[in-house]
Each structure stands twice: as structure tokens, then as C-alpha cells.
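Q: I am new to this structure. Can you show me how to read it, feature by feature?

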Amino acid sequence: MIKYEIEGGDLPVVICYPEAGQALCTESGAMSWMSPNMQMDTNTGGGVKKAFGRLFSGESIFLNEYTALGGPGMIAFASSFPGSIIPYEVTEGNAIIVQKSGFLAMEKGLDLSLYFQKRIGKGLFGGEGFIMQKISGSGLVFIEIDGHCKEYDLLPGESILADTGYLAAMSESCTMDIQMVKGAKNMFFGGEGFFNTKITGPGKVYLQSMPILHTAQSLAPYLRTGGGE
């Protein structure tokens with residue numbers, strides 16, 4: 001496994017120290033700094049089908065692969081938004097599902113693919129997006145979290161409700177469904193929306209305290225859209 005350290009508090013960066021021959025993959029533009037012996041190779045990350053799948057999900061069509069040559073290397077990946085970076089060790093049969101903007105970097109050999117909700121309604125109304133990302137295989141992946149990350153280990157059949165946008169990632173063993181807020185007054189005047197996301201175990205759930213979309217909506221009234229003094 002590649003050695004790493006996460007620094008920066010609420011403005012995090014993960015600094016990785018691959019040995020000679022070890023490689024990490026990330027979407028284009030995610031690298032922050034690196035040692036001179038890190039060689040970059042841009043590729044489709046598994047063929048044309050997967051490349052266009054990422055394009056369909058709004059992500060970059062290409063992946064960048066960074067390999068340490070001739071000895072140990074160093075490479076850093078910074079979060080694009082204040083929050084957290086969490087490491088997750090993926091094993092066979094223990095994939096992780098993340099929001100489409102959550103993937104930061106991973107060890108070479110892991111597979112990054114699209115994850116479709118089983119029912120379209122879950123994506124349309126759940127706020128997590130109809131299309132998410134699935135990282136499978138065996139290795140280490142780093143995930144971006146908007147704001148503080150709260151982790152729960154759900155037992156089989158145990159559930160948690162989250163407001164739309166607050167689900168950052170979950171084990172593949174978890175299931176996700178949509179639950180309508182009860183009561184017309186609650187829906188129309190409660191300010192929490194019409195739907196909540198229900199995640200059921202067994203597995204890990206990662207919730208985020210400051211979804212970027214919610215933050216943007218909160219700031220919108222204070223931002224000028226043009227004109228003015």
C-alpha cells in the first residue's frame with residue numbers, strides 16, 4: 001500500500017509517497033505538486049466505453065496516471081473545496097459508492113466506473129444524483145468530502161435518514177432509497193424539501209456537513225449577478 005499523510009485541517013491535501021514503480025490515478029487537474037521523478041501518462045482509464053461513461057457523468061473523459069521512476073516519489077492532491085479527505089481501502093467485494101465529485105485519487109489497479117441507482121426516482125428526487133461513481137478492486141482510494149465527515153457503521157437492517165446532498169459515500173453493501181417527508185405543512189413550510197435519502201446497512205456511510213450545492217444556494221442572495229454600483 002502506498003504511504004501517505006493528510007494535512008491542512010479543513011483545507012486538506014493528501015501527500016502520497018509511492019515507491020519506485022508504484023502509481024496513482026486521478027482525474028485531470030487534480031495534481032497539486034510532485035517530485036521530478038513522477039511520470040505522468042494520460043489515458044482513458046480502461047477503454048473508450050469507460051471514458052465516455054465518465055463524460056456522461058460530467059467528469060473528465062481522461063485519467064492521469066503518475067508513476068514513481070528510479071526510486072521513491074512524492075505527489076500531492078488537494079481538495080477542491082473546504083472539507084475533508086478520507087482514505088478508504090477497497091477490497092474484492094467491498095467496493096465504495098461516492099458522489100460523482102467525490103473521487104480524488106486512487107492506487108493504480110482500482111476500477112472507476114459509473115454507478116446507476118436501481119430506480120430512476122432515487123436519483124431524480126434523492127439529491128445524490130442519478131449517476132454516482134463506484135470504485136472497486138483492491139487498493140487505496142482518497143475521497144473528497146464537503147465540510148466535516150461523519151462516519152457511521154450500520155448494522156444489517158439499520159437505517160439513517162439524510163437530507164438531500166448530505167450523503168457523500170457508502171459501502172456497496174448499503175442500499176439507498178427515497179422517503180417522502182410526511183405532512184403537507186412539513187413539505188411546503190418546513191424548509192427541508194420533499195424528500196429524504198434513506199441509507200440502510202450493513203456497511204459504512206459517510207455524511208458531509210457542508211454540501212457544495214447547499215453552500216452555493218446559501219451564498220447566492222449575497223452575490224451580485226451583474227450590474228450595480
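A: Keep in mind that this is a predicted model. Start with one residue and its surroundings. Setting aside neighbours within four places in sequence, Ile-143 is in contact with Ser-84, Ile-85, Ile-86, Tyr-88, Ile-96, Val-98 and Gly-102.

Q: Which residues touch the most other members of the largest nonpolar core?

A: Ile-143 is one of them, along with Ile-96, Met-106, Ile-135 and Val-141. This core has 19 residues. At least two of its residues come from each of S8, strand S9 (96–98), S10, strand S13 (139–146) and strand S16 (167–171).

Q: What is the order of the strands in the open sheet?

A: Read across the six strands: S5-S6-S3-S10-S13-S8, with antiparallel pairing. Strand S5 (38–43) and strand S8 (83–90) are the edges, each pairing on one side only. On average, neighbouring strands are turned by 20° against each other, direction ignored.

Q: How many bridges join S3 and S10?

A: Two bridges, in the antiparallel sense, pair S3 (residues 23–27) with S10 (residues 103–107). Cys-25 stands opposite Met-106 in S10.

Q: Is Val-13 buried or exposed?

A: Buried means under 20% relative accessible area. Val-13 has 10%, so it is buried. Val-13 sits in strand S2 (residues 13–17).

Q: Where is Phe-77 relative to Val-13, in sequence and in space?

A: The two are 64 residues apart in sequence, yet 5.6 Å apart in space, C-alpha to C-alpha. Beyond four places in sequence, the contacts of Val-13 include Phe-77, Trp-33 and Ile-85.

Technical notes
Residues numbered from 1 in each chain as written. Predicted model: local features only at pLDDT ≥ 70, side-chain atom pairs only at ≥ 80, totals over all residues. Heavy atoms only, no water. Pairing = 2+ DSSP bridges. Helix = DSSP H or I, 4+ residues; strand = E, 2+ residues; numbered from the N terminus. Axes fitted to C-alpha atoms, helices over the stretch in contact; angles between N-to-C directions. Core = buried A, V, L, I, M, F, W, Y, C linked by side-chain atoms within 4.5 Å. Buried < 20%, exposed > 50% of the residue type's maximum accessible area, 1.4 Å probe, protein only. Contact = heavy atoms within 4.5 Å.
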